[in-house]
Amino acid sequence: MTTKKIGIIGAGIAGLSCAKQLISAGFDVKVFDKSRGVGGRMSHRVFDQWHLDHGAQYFTASHPQFVEELQEWLTNGVAEEWNGKIVNFCDGQFSEKKHQTKRYVGVPAMTAPAKFLAKNISVFKSQTITEVKKNQKKWQLISEESGVLTDEFDYLIFAIPPIQAKKIIGQQSASLSLICEQANMLPCWTLLAYFKEPLTLHFDAAFVQDNVFSWIARDNSKPGRDNAHAWVAQANPDWSLKNIDLDKLDAQKILLQEFEKISGTASDFNQIQLWRYAKLESPGTQNFAIDANTQLALCGDWLRNSKVEDAWLSGFFLGNELKRILITSN
Ligand SMILES: Cc1cc2nc3c(=O)[nH]c(=O)nc-3n(C[C@H](O)[C@H](O)[C@H](O)COP(=O)(O)OP(=O)(O)OC[C@H]3O[C@@H](n4cnc5c(N)ncnc54)[C@H](O)[C@@H]3O)c2cc1C
């Protein structure tokens, strides 16, 4: 039996989860990511005196397969339950949020589970894949940084958001291209703010309604963080979409003013980030997509729903299906 070579574009949690399944079946897997690190939207920013999770804030686990994976993360100390005090904030009023939901975070940062997975995977960072081409039944990748890469693959998996995937495979697979077109992802303007002194708010995080924001959270209430008083404030999808073309400085000014209305204190340092493809407009209906004719496939949160658990499951299910297809065809 010849070892099939599989290339995965995207070292977010979906790409890494898929890689783990395929490697466990003996396939030769290489993962490529445009960033300098792994984890994608499970991201963490580090500044001089402070740092915080500025993408996914926490995750939940309900599917048995993901619960099993989470157990491994907990055992290895790369995730912990977050028992922060979370409230609802509506019309300027805070109310206690009665939640039974168990929320987990990566430790010491949201990137930790991805870094843990990547330890056993060949990941090539700072490789922005712009094009793919087929050479005598084998796929080759072209990256912005290195040009044509020498590896040749039997299968390629795109574990990246749909707009980005469509740009690369649009010419190669009509069926996958259509699936990409059908998913709409919404942006999220995110304010990152540091305070030298703790705020006097009596909660660690809030689901916000009737406001520019939909979520605010104190990063150092999460386990394994140091004592830097860092807050993240995510604008809601409607506001973010309406203001997607705002100049960064203008968006920063508005969000700072709005946050100050809640915090009562001006931040000592702050930054703003626009996530162009943060979350899905409406949930997807499939776990993954395969075009067996071209030997291209898609996975990622967006095929299910915009959650860490969905991203992991999408990669997991695709990995298992490809194992089945490729082992049978050998
Ligand atoms: C602001 C925000 C808040 C969120 N909050 C939560 C939350 O609280 N709880 C929750 O469960 N989920 C949350 N999510 C969603 C969660 O982060 C995602 O569902 C999950 O991380 C998606 O994983 P993924 O692997 O599918 O995609 P991604 O994490 O997006 O990974 C895709 C990877 O592909 C790489 N890539 C893209 N294009 C290319 C290319 N051309 N070449 C090479 N590499 C490329 C990217 O660098 C990235 O690393 C949030 C997301 C955002 C943005």
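**View 1. Helix α4 packs against its neighbours.** The buried residues of α4 contact β10 (129-135), β13 (155-158), α5 (174-182), β14 (185-195) and β20 (296-298). Buried means under 20% relative accessible area (1.4 Å probe, protein chains only). Contact means heavy atoms within 4.5 Å. Helices (H or I, at least four residues) and strands (E, at least two) are DSSP runs, numbered from the N terminus. The model is predicted: local features need pLDDT of at least 70, side-chain atom pairs count only at pLDDT 80 or more, and totals for chains, interfaces and linings use all residues. Residues are numbered from 1 along each chain as its sequence is written, and side-chain values use heavy atoms, without hydrogens and water.

**View 2. The buried face of α4.** Helix α4 spans residues 162-169, and P162, A165, I168 and I169 are buried there. Down the helix axis, these buried residues fall within an arc of 125°, so they line one face of α4. The arc is that of the directions from the helix axis to the C-beta atoms.

**View 3. The shell around the ligand.**

View 4. A polar contact is a pair of N or O atoms within 3.5 Å. A polar side-chain atom of S35 lies 3.2 Å from a ligand oxygen atom. For Q57, a backbone N or O atom lies 3.2 Å from an oxygen atom of the ligand.

Note on methods: Buried means under 20% relative accessible area, exposed over 50%, partly exposed in between (1.4 Å probe, protein chains only). A polar contact is a pair of N or O atoms within 3.5 Å; within protein, one must be able to donate a hydrogen and the other to accept it, and residues adjacent in sequence count only if both atoms are side-chain atoms.
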